[in-house]
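Here is a short note for your first look at this model. Keep the structure open and follow the points in order.

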Protein chains: 2
Amino acid sequence: MDHRIPKREADARRLFAFGDAEFGARMPQSLLSSSMVGSANRGLVIQALFDLGPTSRAELARLAGVNRTTISGIVQPLLDADILVENDPVQTGRGGGKPARPLWFSPKAQPICGVLLMPDAVHACLVTLDGHVLADHRVLLPEGGGPVEPIIDAVIRSVTLTLAEAERPPFGIGIAVGGMVDTDLGTIVAVNLAPALDGYPIATRLSHEFGLPVRLDHHPRALLVGDRWFGQGRGVPQFAVVYTGEVLGGALYFGGHLYRGASGAGGELGHTFVQVDGELCRCGRRGCWDTIATLGWLRREARVLGLPEADDMDSARLVDLVQRGVQGAEPLFDRYARNIAVGIANLQQTVAPNYFILHGDAVLGGERMIARISDHVRHLVPSRPGTLIEIVAGDAGDQAALLGAAGLVLSDLLQFSI
Amino acid sequence: MDHRIPKREADARRLFAFGDAEFGARMPQSLLSSSMVGSANRGLVIQALFDLGPTSRAELARLAGVNRTTISGIVQPLLDADILVENDPVQTGRGGGKPARPLWFSPKAQPICGVLLMPDAVHACLVTLDGHVLADHRVLLPEGGGPVEPIIDAVIRSVTLTLAEAERPPFGIGIAVGGMVDTDLGTIVAVNLAPALDGYPIATRLSHEFGLPVRLDHHPRALLVGDRWFGQGRGVPQFAVVYTGEVLGGALYFGGHLYRGASGAGGELGHTFVQVDGELCRCGRRGCWDTIATLGWLRREARVLGLPEADDMDSARLVDLVQRGVQGAEPLFDRYARNIAVGIANLQQTVAPNYFILHGDAVLGGERMIARISDHVRHLVPSRPGTLIEIVAGDAGDQAALLGAAGLVLSDLLQFSI
DNA sequence: CGCCATTGTGTGAGGCTCGCACAAAATCCT
DNA sequence: AGGATTTTGTGCGAGCCTCACACAATGGCG
């Protein structure tokens with residue numbers, strides 16, 4: 001891999017906020033300068049394009065409440081750098097007037113490499129700025145984790161294969177990790193089933209290997225970022241993502257940013273208490289939400305009830321049993337939905353998102369599952385005048401996480417200084 | 001009250017972000033302009049002064065990583081407007097050099113009017129920029145609430161009395177309300193024990209009455225703002241406030257801002273579930289944190305145990321009983337502390353603040369109470385390498401809320417556009 | 001007394017947005 | 001058919017802000 005960056009790529013990168021290819025080196029809360037205004041506004045305009053779809057300069061200016069010339073000045077360098085293109089002229093609705101030239105992301109723009117690192121496999125892909133997945137490589141990891149180097153080799157192999165298909169070097173590499181991470185340091189804190197990775201500085205390693213900026217984050221937060229740029233969260237000012245399945249996780253978006261607590265903690269919803277002194281949790285405490293809203297709970301209860309395929313029970317199977325009228329399925333379905341709703345209600349009360357995107361197992365249960373969870377949440381949250389809580393399904397497969405991983409890089413590219 | 005604003009006051013106001021005296025009219029997420037850079041940086045410099053204490057221009061420039069001339073340019077108009085003053089020259093530590101002139105808030109600066117509106121009384125005061133309380137007036141409200149106009153009259157009377165003692169018209173009026181509010185509209189949503197106030201547009205009313213900008217917020221959030229500007233939260237990048245007593249409440253600070261959910265919801269921690277299907281709560285649901293961590297719970301349990309003065313039990317009395325070795329007091333003390341810790345632990349897991357400032361009843365229990373709560377929190381939160389959770393006591397009286405109410409105006413004055 | 005370090009202040013350069021004027025392009029109306 | 005109207009996108013100078021540099025002021029140290 002050539003470490004030198006062609007001139008056009010360097011220009012494109014300078015239009016964004018990336019200072020250098022190294023991880024970290026984020027400035028602390030400092031004063032603003034005029035040049036930061038430039039990059040911040042560039043980010044805001046691109047963000048608006050994501051939220052609105054192809055949009056003309058004049059329309060962007062109207063929506064942002066600024067002068068048309070300002071938008072022209074902002075987008076011109078982006079057009080020159082092949083990040084945006086002018087689409088064909090489009091007639092504005094009523095009256096006459098010069099037809100608008102909507103702006104959209106150029107197919108010739110550099111892509112982003114998204115990586116999903118789970119305990120059992122690595123999945124890498126290329127994502128275009130408009131959210132299309134181009135290349136796509138999956139490498140299985142040794143059973144039970146094993147030593148660290150083979151895992152890292154697998155990551156590097158999958159990324160190398162993916163990058164080989166890119167026509168232009170990507171903007172950067174984003175990694176969604178199925179475990180705890182430290183986003184400040186770019187290190188893995190702990191991955192269940194792959195303890196060898198604990199503390200591994202994977203961002204630095206990949207950055208040196210490929211000479212590209214690398215951003216990593218926790219799996220649920222990557223899901224949120226994917227939804228924000230490419231999914232159900234586009235244009236929504238505040239929302240939360242809740243992931244259910246073998247584990248529970250959550251993430252928050254508001255004020256134009258993914259919420260990250262100190263060092264990237266936060267959203268560890270699985271081990272909040274919903275039943276003080278309740279059932280013993282695998283974390284060693286008692287009464288965590290994890291004990292009543294994971295697949296583990298569902299399968300245990302299904303076994304007690306003697307439901308078919310109890311050991312492989314999930315939302316899809318459960319809904320199927322309910323629809324076939326199997327004895328005991330409907331009450332279990334209702335309890336499972338309610339248990340999930342309890343955690344969502346607590347999150348709603350604590351930080352007041354009114355729009356939730358569910359990922360993971362709950363999505364497999366389809367509209368019926370989502371609707372039942374919604375019903376319970378609405379009953380569990382004290383009503384507040386004028387507030388409507390909406391719950392929707394995200395994408396359940398790897399795709400959401402891969403788009404999210406790519407979105408991590410995008411979020412960084414558009415970093416608006418404050 | 002004269003509605004015209006003297007020239008010097010108008011100048012001072014223009015240096016901040018207040019567009020006009022009306023409530024609302026906040027701009028949506030829009031593009032930045034150069035002039036916004038100016039007001040944002042002005043706000044950041046003043047914020048730095050709050051966090052650092054008296055500081056010279058050169059020192060501020062070093063800490064912010066900007067040119068000295070930039071700081072000079074920023075503070076000069078603030079000096080001209082009598083908001084800041086140059087303190088006496090101070091010799092820098094080692095070596096020679098021209099002595100620095102630390103900048104600090106001028107005693108001649110306009111004050112801020114802080115108001116605390118509780119179901120039983122209105123409390124108004126004047127607060128200087130360096131956190132001193134000048135005038136101070138308290139008006140009792142009619143028992144049981146009653147109609148709305150007498151309550152509003154009492155508010156206006158207390159503010160009028162307070163403003164009469166001000167040498168210069170204050171920057172604005174901040175109100176901490178002991179109930180639900182809508183910070184977007186500046187209205188009261190619901191105050192227990194004073195239902196006549198529900199939906200009352202108190203910000204607009206006071207703004208018209210006194211011709212001043214009015215900001216209002218929920219009581220716990222005002223506490224947080226007070227701590228951020230004048231208390232334990234100064235210079236802390238991320239922290240949470242938890243209020244315990246007759247009710248429970250919380251608020252979050254991070255990223256340079258108080259966190260407000262949509263319309264000012266969020267932090268309604270009292271009715272998060274910690275005991276699914278547990279004891280019946282006054283909100284009609286079961287197992288809210290409110291059922292195990294309020295004074296109501298403490299007094300109920302004290303009665304069951306036959307402790308003296310059970311009906312007036314609070315943390316101060318309880319700690320006293322513990323110190324005197326009264327039978328049953330120590331276990332109740334421990335359970336109460338643990339019940340409070342449960343909610344704090346959940347908040348920590350959800351949004352990951354590592355610094356908590358307690359207010360209300362828990363503070364009355366002194367260092368012993370705080371220490372016990374801390375112990376429980378540390379046991380209830382899964383450990384994360386390198387993370388230390390710190391819990392401190394705030395101020396328990398009205399003072400904290402009044403400073404907080406004034407801080408609401410200050411936060412708005414320093415609004416850094418994004 | 002001379003040298004050095006540090007603080008605070010002018011001055012011009014460069015970046016950004018804004019308002020205005022103007023060319024280009026399509027529709028509407030007579 | 002042709003002019004009026006409307007809308008889009010683009011130069012140009014003004015104004016605001018930060019920055020780099022030079023310079024006066026002030027005190028310690030040898």
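1. Which residues point one way from S3(A), and which the other way? A:Ile112, A:Gly114 and A:Leu116 point one way. A:Cys113, A:Val115 and A:Leu117 point the other way. All are buried. Keep in mind that this is a predicted model.

2. Strand S3 covers residues 112-117 of chain A. The strand is mostly covered, with 6 of its 6 residues buried. Its neighbours in the sheet come next.

3. On one side, look at strand S4 (residues 121-127) of chain A. S3(A) pairs with S4(A) in the antiparallel sense, over 6 bridges. The two strands form a hairpin, and 3 residues lie between them. Find A:Leu117 and look across: A:Val122 in S4(A) stands opposite.

4. Now take strand S6 (residues 173-177) of chain A. Here the pairing with S3(A) is parallel, over 5 bridges. A:Gly114 has A:Gly174 in S6(A) as its bridge partner.

5. S6(A) also pairs with S9(A), again in the parallel sense and over 5 bridges. In this pair, A:Val177 is bridged to A:His218 of S9(A).

6. Two helices of chain A deserve a look here.

7. Move on to A:Thr272. This residue lies in the loop between strand S12 (257-258) and helix H8 (290-293) of chain A. Is A:Thr272 buried or exposed? Count the other C-beta atoms within 10 Å: there are 30. The cut-off for buried is 20 or more, so A:Thr272 is buried.

8. What does A:Thr272 contact, leaving aside its neighbours within four places in sequence? In chain A the contacts are A:Cys288, A:Trp289 and A:Asn346. In chain B they are B:Asn346, B:Gln349 and B:Thr350. For a sense of distance, go back to A:Ile112. A:Thr272 and A:Ile112 are 160 residues apart in sequence and 35 Å apart in space, C-alpha to C-alpha.

9. How do the two chains relate? The same surface serves both copies, and 98% of the contact residues of chain A recur in chain B.

10. Last, look at DNA strand D. It is surrounded by 33 residues. The closest are A:Gly97, A:Lys98, B:Gly38, B:Val66 and B:Gly96. Elements giving two or more residues to this surface are helix H3 (57-64) and helix H4 (68-80) of chain A, together with helix H2 (34-52) and helix H4 (68-80) of chain B. H2(B) gives the most, with 5 residues. By class, the surface near DNA strand D has 19 polar, 8 nonpolar and 6 charged residues.

Note on methods: Residues are numbered from 1 along each chain as its sequence is written. Chains are lettered from A and ligands numbered from 1 in the order in which they are written. This is a predicted model: local features need pLDDT of at least 70, side-chain atom pairs count only at pLDDT 80 or more; totals for chains, interfaces and linings use all residues. A residue is near a molecule or strand if its C-beta atom, placed from the backbone, lies within 6 Å of it. Helices (H or I, at least four residues) and strands (E, at least two) are DSSP runs, numbered from the N terminus. Ala, Val, Leu, Ile, Met, Phe, Trp, Tyr, Cys and Pro count as nonpolar, Asp, Glu, Lys and Arg as charged, and the others, Gly among them, as polar. A residue is buried if 20 or more other C-beta atoms lie within 10 Å of its own, exposed if 12 or fewer, and partly exposed in between; C-beta atoms are placed from the backbone. Two residues are in contact if their C-beta atoms, placed from the backbone, lie within 7 Å. Two strands pair if DSSP finds at least two bridges between them.
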